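Let's take a walk through this model, one feature at a time. Have the viewer open as you read.

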Amino acid sequence: MKKNFSRALVLLLALIMTVSVTSCGDGADDKNTFKVGICNYVDDASLNQIVANIRERLDELGKTNGVTFKITYDNCNADSNIMNQIIANFAADKVDLMVGVATPVAMAMQSATEDSRIPVVFAAVSDPVGTGLVESLDKPAGNLTGTSDYLDTKAVMDLIFAADPDADKIGLLYDAGQDSSTAAIAAAKKYLTDKGIAFTEHTGTTVDEIMLAADALIADGADAVFTPSDNTVMKAQLSIYEKFTAAGVPQYTGADSFALNGAFLGYGVDYANLGRETADMICDILINGKDPASVPVKTFDNGTATVNTETCAALGFDYAKISELFAPFCTKVESIRTADSFDDLK
């Protein structure tokens, strides 16, 4: 009888230990584990670079602070129904924080978390005040903050005329439905109107439509084309850059990822750094307990001009000469070659 009791007691203790270890391992009640839901708006070089650097930096910060960031990632591919479902899944999973990559996702998360007040950190929102995401950059208010890839449109325009002072018609290529393009296109039109320069604009909402818009800009006789940090055009970039290059039309864009995908020039923020800074904000909120409303929106110096050297040569420009012409109008000039992704350059 005693042997049977002792054996039962040992089995009971073993079972208790197993349950205890399992409970700690799944992170459900582990105060050192934070659940983060990341939704990316679309699969393109710019936004994917942001996500990759958020992941990498959170891994670093987790090891440094002795915590684990349990990341759930999904991509809605610009589909609002899928986007809303992803966000609903994050809420049902009781994530500690949501990350919205690009303006449409950030706005959907803002709406979805009004009652729950789950913290939201957005990434690559070009105009967070204009879209109503935050009240001000210094004091966001509400339950969200994040990083902005605001584009200095005047600087891009200055580069166009530094390379070609005689340009008399500029093409504007963008998706009219993209919030990231609204302010930049308005600024470009004002700049060109003030200078008395003609412009022609063509838009699209799909890759096929953007390709047709590119053909139309070439047919219109544009001397150069400007595209802001527009995610729809970014998806089509590998399909249109050869059209512009063959026609001798340099394309100036709002991010280095466009130049990676063949555009003549990308001017704007370093998206790798933007991703890391976004991760630092996530850490500040989850580990240091900061209120998103008190964390200022992070903006960046837009001073880097990235020139695609292959496209530069195909257009008949000398890279060294172009670099000299651009130098007075930007912090630095960097070179890149055409590839599908930044990983392909390694």
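**A pocket, a helix and some cysteines**

Sorted by class, the residues lining the second largest pocket come out as 5 nonpolar, 7 polar and 5 charged. Keep in mind that this is a predicted model. The lining is made up of 17 residues, and those nearest the pocket's centre are Asp256, Val269, Asp270, Thr304 and Glu334. Two or more lining residues come from each of α10 (271–286), β11 (304–308) and β12 (332–336). Of these, β12 is the top contributor, giving 4 residues to the lining.

Now hop over to helix α7, residues 207–219. With 13 residues at 1.5 Å a residue, α7 should span 18 Å, and its end C-alpha atoms sit 19 Å apart, so the two agree. Which residues of α7 are buried? They are Ile210, Ala213, Ala214 and Leu217. These four lie on the same side of α7, because they cover an arc of only 105° around the axis. Turn to the other side of α7 and you'll find Asp208, Leu212 and Ala219 exposed.

Last stop, the cysteines. How many disulfides does the structure hold? The count is 0. Take Cys330: its closest cysteine sulfur belongs to Cys312 and is 13 Å away, which is too far for a bond, given that a disulfide needs the sulfur atoms within 2.5 Å. Cys330 is also buried, with a relative accessible area of 12%. Cys283 has a relative accessibility of 7%, so it counts as buried too, the cut-off being under 20%.

Note on methods
Residues numbered from 1 in each chain as written. Predicted model: local features only at pLDDT ≥ 70, side-chain atom pairs only at ≥ 80, totals over all residues. Heavy atoms only, no water. Buried < 20%, exposed > 50% of the residue type's maximum accessible area, 1.4 Å probe, protein only. 1 Å grid on protein atoms, 1.4 Å probe; cavity = no way out; pocket = protein on both sides within 12 Å on 5 of 7 lines; lining within 4 Å. Nonpolar A, V, L, I, M, F, W, Y, C, P; charged D, E, K, R; others polar. Expected span 1.5 Å × (residues − 1). Arc of directions from axis to C-beta.
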